[in-house]
Amino acid sequence: MTTQLPPAPRPAAPRTPAGTAPVFAGTSLPAQIRILTGRSLRAMVTDPGIVLFGLIQPMVILFVLTQVFSKMGMPPHFPEGVSYLDYVLPAILVDNAAQSAMQSGVGLVEDQKNGMVARLRSLPVHPGALPAARSLVGLVRATVQVLIIMVLAITVLGYSPNGGAAELALSAGLTVFISFSLGWAFIAAGAWLRRAEPLQNLALIVIFPLMFASSAYVPVADLPDWLAAVASVNPLTYAIDASRALALDVPGLDHAIPSVLISAVIAVLGMVAALRGFRRPL
């Protein structure tokens, strides 16, 4: 008579200590994000086309807008003692932030097209690692472009805001945070649309009207009544007014907190939507 031995107990699955990041295949989530971010940054830096157009875009926006609109007469409610360059530069920074944010979504679409997403899904990699890496790459891109615009404006065009260096740094930091939050919105759009053309068309449809229906280029009080009503509830108006108030030391600083809160909500909603869209079958 054969005696059957009881089955050996299965080893318990390793538990993640409380307060630490979950581990996938021996690599923590922060480490995965760091590795994927480095990969995307190296690909961006080693591509001459990406570097060249990334540098040209903010310069074109800066010189074209300031040189064209600065020759026009100032509207009645334009701030006294403020040049048009000083007035419009915060709007240029916010517009560039939105354009840079769109590239985060386009980058995710490219990862889906070149098979990067399919390869990662065959590995024990956290689903949120790649979208998070794309958002950090967009953050780096936006920071570099903001610095380029501000350096060129100061050294070439004579940009001299009334606010001090600390206020100017806060204005730039607010712009970068706005780009980070909008980047998550476009990453979510890229995860669901999965095509670059509809994503770029969506960005054009959304960003272009919102920029002109705001306080970007003229004060809200000088807009037509219906457009002023739209601008008064436009989130970009809050962002531009807050950035302008910090840089120029003019009224509008009360819009800083709503701008930060709106950006934070957009970022959180974008993260949730991006993760759900990224998990869909390819």
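Arg244 lies over the face of Tyr87, 3.6 Å from the ring centre. In this predicted model, Arg244 also forms a salt bridge with Asp241, and Tyr87 belongs to a cluster of ring pairs with Phe78 and Tyr84. Ser215 touches both Tyr87 and Arg244, among other residues. The protein chain around these residues has 10 helices and 2 strands.

- The closest N and O atoms of the Arg244 and Asp241 salt bridge are 3.7 Å apart.
- Arg244 and Asp241 both sit in helix α9 (residues 235-248), and because they are 3 residues apart there, about one helical turn separates them.
- Arg244 has a relative accessible area of 4%, so the residue is buried.
- Asp241 counts as buried because its relative accessibility is 14%, where the cut-off for buried is under 20%.
- Ser215 is located in the loop between α7 (196-212) and α8 (225-232).
- With a relative accessible area of 2%, Ser215 is buried although it is a loop residue.
- Leaving aside residues up to four places away in sequence, Ser215 touches Tyr87, Val220, Thr237, Ile240, Asp241 and Arg244.

**Aromatic pairs**

- A pair of aromatic rings is described by the distance of the centres and the angle of the planes.
- The count of aromatic pairs comes to 5.
- One of them is Phe78 with Tyr84: the ring centres are 6.1 Å apart and the planes stand at 20°, so this pair is stacked.
- Phe78 also pairs with Tyr87, with centres 4.7 Å apart and planes at 50°, so this pair is tilted.
- Through such ring pairs, Phe78, Tyr84 and Tyr87 are linked into a cluster.
- Phe78 and Tyr84 are both buried, with Phe78 at 9% relative accessibility.
- Tyr87, the ring under Arg244, is buried as well, with a relative accessible area of 3%.

**Salt bridges**

- Side chains of opposite charge can pair when their charged atoms come close.
- There are 3 salt bridges in the count.
- Asp111 forms a salt bridge with Arg39, with the closest N and O atoms 3.6 Å apart.
- This pair links distant parts of the chain, since Asp111 is in helix α3 (residues 84-113) and Arg39 is in helix α1 (residues 29-45), 72 residues apart.
- Asp111 forms another salt bridge with Arg134, where the closest N and O atoms are 2.9 Å apart.
- Here too distant parts of the chain are linked: Asp111 in helix α3 and Arg134 in helix α5 are 23 residues apart.
- Arg39, Asp111 and Arg134 are therefore described as a network of salt bridges, a salt bridge being a side-chain nitrogen of Lys or Arg within 4 Å of a carboxyl oxygen of Asp or Glu.
- Asp111 is buried, with a relative accessible area of 2%.
- Arg134 counts as buried at 12% relative accessibility, whereas Arg39 is partly exposed at a relative accessible area of 26%.

**Surface**

- The accessible surface of the protein chain comes to about 14900 Å², and 69% of it belongs to carbon and sulfur atoms.
- A nonpolar patch on the surface is formed by Leu52, Phe53, Leu55, Ile56, Met59, Val60, Val64, Val68, Val140 and Val144.
- Together the patch residues have about 810 Å² of accessible area.
- Both α2 (48-69) and α5 (129-155) supply at least two residues of the patch, and the largest share, 8 residues, comes from α2.
- Met59, one of the patch residues, is in helix α2 and is partly exposed, with a relative accessible area of 30%.
- Leu204, in helix α7, counts as exposed at 55% relative accessibility.

**Overall fold and backbone**

- Along the sequence, the elements follow the pattern β-β-α-α-α-α-α-α-α-α-α-α.
- Of the 282 residues in the protein chain, 45% are buried.
- Among contacts between residues at least 6 apart in sequence, 78% join residues at least 24 apart.
- Leu204 and Met102 are 102 residues apart along the chain, and their C-alpha atoms are separated by 9.7 Å.
- Most residues other than glycine have a negative phi.
- Arg194 has a positive phi of about 60° although it is not a glycine, and this residue lies in the loop between α6 (165-193) and α7.

Note on methods. Residues are numbered from 1 along each chain as its sequence is written. This is a predicted model: local features need pLDDT of at least 70, side-chain atom pairs count only at pLDDT 80 or more; totals for chains, interfaces and linings use all residues. Side-chain values use heavy atoms; hydrogens and water are left out. Helices (H or I, at least four residues) and strands (E, at least two) are DSSP runs, numbered from the N terminus. Buried means under 20% relative accessible area, exposed over 50%, partly exposed in between (1.4 Å probe, protein chains only). Contact means heavy atoms within 4.5 Å. Accessible areas come from the Shrake-Rupley method with a 1.4 Å probe; for residues, only the protein chains shown count as cover. Patches are made of residues with over 30% relative accessible area and no salt bridge: like charges are joined within 9 Å, nonpolar side chains (Val, Leu, Ile, Met, Phe, Trp, Tyr) within 5 Å. Rings of Phe, Tyr and Trp (its six-membered ring) pair if their centres lie within 6.5 Å; planes under 30 degrees apart count as stacked, over 60 as edge-to-face and the rest as tilted. A charge sits over a ring if NZ of Lys or CZ of Arg is within 6 Å of the ring centre and within 35 degrees of the ring normal.
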